[in-house]
Amino acid sequence: MQIIDLHCDVLEKLTRLENVDFRNDSRLDANLNNLKAGNVKVQVFAIFIHPSVPQERKFLEAARQIEAFHTKVLSEPEMIHITEWNQINDLEDGQIGAVLSLEGCDCIGDDLEKLRVILDAGVKLVGLTWNYENEVAYGTLEDSSKGLKPFAKDVIDLLNERNIIIDVAHLNEKGFYDLLPLSKYILASHCNARTLCDHPRNLTDDQVKQLVNHGGRIHVVFYPPFIQKGEDHATIETLVKHVEHLSNLVGIENIGFGSDFDGIEPLFVEKLSNASEFPNLIQALLEKFTEDEVNLLAYSGLVNFVSTIEGRKM
Ligand SMILES: [Zn+2]
């Protein structure tokens, strides 16, 4: 079964590790060989700048990750840059679609021109924050009652105008509710259910319902502390419980995967420690859901979602 994975942090590693090879480097969870072995058909690559990078260097770091995407990921002949969503349908056997996303607007400061440059590089999903406050909003580790900042309006207007998906993973609760009525296309790329695991990175049942009511979706993340509260360890079965809960809440067609591979080491779900192990998860899901349902979750639910994006009919 083909997979779409909405989040990994390979690009950050490609700019940080010495002599790194995207094709088969064992330090990369989502290297090309693992993506192939896991049947991943489309992988979203996040531009993520660690908060320890000084503000004046953040935009340069984003540029370095975009450069690494071109020189280390797209240089592999199997990797196809998806700049328009309908290109997913044109992928041939053996090809893997590669999509850019921006994990938090910290690197643009208060400069919309910098966001334009990043979008021009082909970024298709943008999160307003990572875990902390920036010029746009407050992240999940900040006060949950602080809403979007005035600059958010300019950012959201630009993202809507370009039909960019706005990602609410890492956005704090008030920011989430402020954003809902303002966003054109919205989803959570790597979050679980807070009802099953009370962590601020997870969404409450009300958030999940409202997200889907606004046309959005939620993609589950494979990080054990977001699966079982306070735990560094989780099994595939406990991850599947999040899928079951969310499926009962909003329907399996509105759920997907956002592994967070290369952003979560050394904590992994048992038997799901890199992209090659996706089939273990699919197998466990097939014990609870029909093949059509699992296909919606793994692949076609997201394809159906992006087919609704204006000007991107598939
Ligand atoms: Zn993240």
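**A threonine and its surroundings**

Modeller: T15 is buried, because its relative accessible area is 15% (buried means under 20%, exposed over 50% and partly exposed in between, with a 1.4 Å probe and protein chains only). The model is predicted, so local features need pLDDT of at least 70 and side-chain atom pairs pLDDT 80 or more, while totals for chains, interfaces and linings use all residues. Residues are numbered from 1 along each chain as its sequence is written, and side-chain values use heavy atoms, without hydrogens or water.

T15 belongs to helix α1, residues 10–16 (helices are DSSP runs of H or I with at least four residues, strands runs of E with at least two, numbered from the N terminus). Its side chain comes to 2.8 Å from the backbone oxygen of E12, a polar contact (N or O atoms within 3.5 Å, one able to donate a hydrogen and the other to accept it; sequence-adjacent residues count only if both atoms are side-chain atoms). Beyond four places in sequence, T15 touches R64, Q65 and A68 (contact means heavy atoms within 4.5 Å).

Helix α1 also makes the greatest contribution to the lining of the largest pocket, with three residues. That pocket holds about 340 Å³ of space. Its lining has 21 residues, and D9, F48, W130, G263 and I264 lie nearest the centre. By class, seven are nonpolar, five polar and nine charged (Asp, Glu, Lys and Arg are charged; Ala, Val, Leu, Ile, Met, Phe, Trp, Tyr, Cys and Pro nonpolar; the others, Gly among them, polar).

On a 1 Å grid over the protein atoms alone, a 1.4 Å probe fits in a cavity but cannot get out, whereas a pocket is open, with protein on both sides within 12 Å along at least five of seven lines; lining residues have an atom within 4 Å of a point. Points join across faces, edges and corners, and volume is the space filled by probe spheres set on them.

The largest cavity contains about 70 Å³. Fourteen residues line the largest cavity, with L102, E103, G127, D167 and S189 closest to its centre. Strands β4 (96–103) and β5 (123–127) each provide at least two lining residues, and β4 has the largest share, three. The lining comprises four nonpolar, eight polar and two charged residues.

The second largest cavity has a volume of about 50 Å³, and is lined by F48, I49, E103, G104, D106, C107 and W130. Four of these are nonpolar, one is polar and two are charged.

Elsewhere, helix α7 (residues 205–213) has Q207, V208, L211 and V212 buried. Viewed along the axis of α7, the buried residues lie within an arc of 125°, so they line one face of the helix (the arc is taken over directions from the helix axis to the C-beta atoms). An α-helix has 3.6 residues a turn, so residues three or four places apart point the same way. The buried residues of α7 pack against α6 (173–179), β7 (186–187), β8 (218–220) and α8 (236–250). Just past α7, G215 has a positive phi of about 85°.

Helix α6 includes D178, which is partly exposed because its relative accessibility is 23%. Apart from neighbours within four places in sequence, D178 contacts G147 and L148. The C-alpha atoms of D178 and H233 are separated by 34 Å, the two residues being 55 apart along the chain.
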